Amino acid sequence: MSLFDKFFEKAGKKLITIDGEYGSGANEIAKKVADKLGYEFFDEKLIELMSLEGKVKPDEVKKDDSFLQGTIYDLYKQNYSYSQEDIATNDAAFLLDSRTIREIAKSKKAVIFGKCSDFVLEDFPKLSVFIYASSEFKEERILNTYNVKKDKLELKLDRENSRRANHYGRNTRKTWGERSNYDILINSSAFDFDSITNLIVDMSRNKK
């Protein structure tokens with residue numbers, strides 16, 4: 001165990017990253033996990049807000065951050081002088097959100113939803129979870145929970161999952177939902193949400 005791991009364990013800090021398909025209930029499950037453990041919950045909107053509020057400053061994103069290796073950092077290193085003027089808006093947002101996530105991870109017990117958090121925190125002790133579901137389950141849930149009209153259902157489902165997959169792929173060079181990227185994958189259409197919550201909590205407590 002590294003000194004970092006020992007410090008992390010001694011401090012009692014725990015992290016769970018959860019991502020999932022639109023309509024799978026992943027966000028709701030993530031909130032349930034946080035509530036059950038008494039952890040803070042951070043979703044995409046809150047992370048973006050924290051970055052915009054200046055809790056993470058653009059000039060603090062330095063080119064020698066090790067977690068940028070193998071991401072867009074390498075692309076910019078090869079093709080541009082690294083500066084805030086050069087970097088594309090979407091890439092700058094990812095870097096700032098990533099710094100926000102890492103600052104959260106250093107000081108809090110947290111459940112973090114989305115934002116490539118499993119990748120951003122790949123060098124932090126954590127449990128990473130991906131939640132998927134059957135097409136029928138997702139469609140029924142979207143219709144009943146999000147008040148999406150039936151004639152817009154397929155478009156909404158495809159658009160949202162494509163957005164999540166493209167964001168993950170662009171920033172990590174990995175495939176969203178690929179089993180090798182996570183500790184566990186869970187089919188939310190096969191179990192009730194409370195059972196899934198209890199499973200994740202139990203797994204987090206027993207993660208090696």
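1. Two strands are said to pair if DSSP finds at least two bridges between them, and the elements themselves are DSSP runs, helices being H or I of at least four residues and strands E of at least two, numbered from the N terminus. The model is a predicted one, in which local features need pLDDT of at least 70 and side-chain atom pairs count only at pLDDT 80 or more, while totals for chains, interfaces and linings use all residues. Residues are numbered from 1 along each chain as its sequence is written, and side-chain values use heavy atoms, with hydrogens and water left out.

2. Strand β4 (residues 127-132) has parallel partners in β1 (residues 15-20), with five bridges, and in β5 (residues 184-187), with four bridges. Ile18 stands opposite Val129 of β4, and Ile131 has Ile186 in β5 as its bridge partner. Five of the six residues of β4 are buried, where buried means under 20% relative accessible area, exposed over 50%, and partly exposed in between (1.4 Å probe, protein chains only).

3. Which residues of helix α7 (residues 135-145) are buried? They are Lys138, Arg141 and Ile142, and they lie on the same side of α7 because they cover an arc of only 100° around the axis, the arc being that of the directions from the helix axis to the C-beta atoms. Glu136, Glu140 and Asn144, on the other side of α7, are exposed. The buried residues of α7 pack against α2 (26-37), α8 (153-172) and α9 (193-206).

4. Lys126, in the loop between α6 (117-120) and β4, deserves a careful look. Lys126 is buried yet has no salt bridge, and the nearest side chain of opposite charge, Asp183, is 6.0 Å away; a salt bridge would need a side-chain nitrogen of Lys or Arg within 4 Å of a carboxyl oxygen of Asp or Glu. For charge, Lys and Arg count as positive and Asp and Glu as negative, with His and the chain ends not counted. With its neighbours within four places in sequence left aside, Lys126 is in contact (heavy atoms within 4.5 Å) with Leu15, Thr17, Asp118, Leu121, Asp183 and Lys207.

5. Most residues other than glycine have a negative phi. Lys115, in the loop between β3 (110-113) and α6, has a positive phi near 60° and is buried, with a relative accessible area of 9%. Cys116, in the loop between β3 and α6, has a positive phi near 55° and is buried at 1% relative accessible area.
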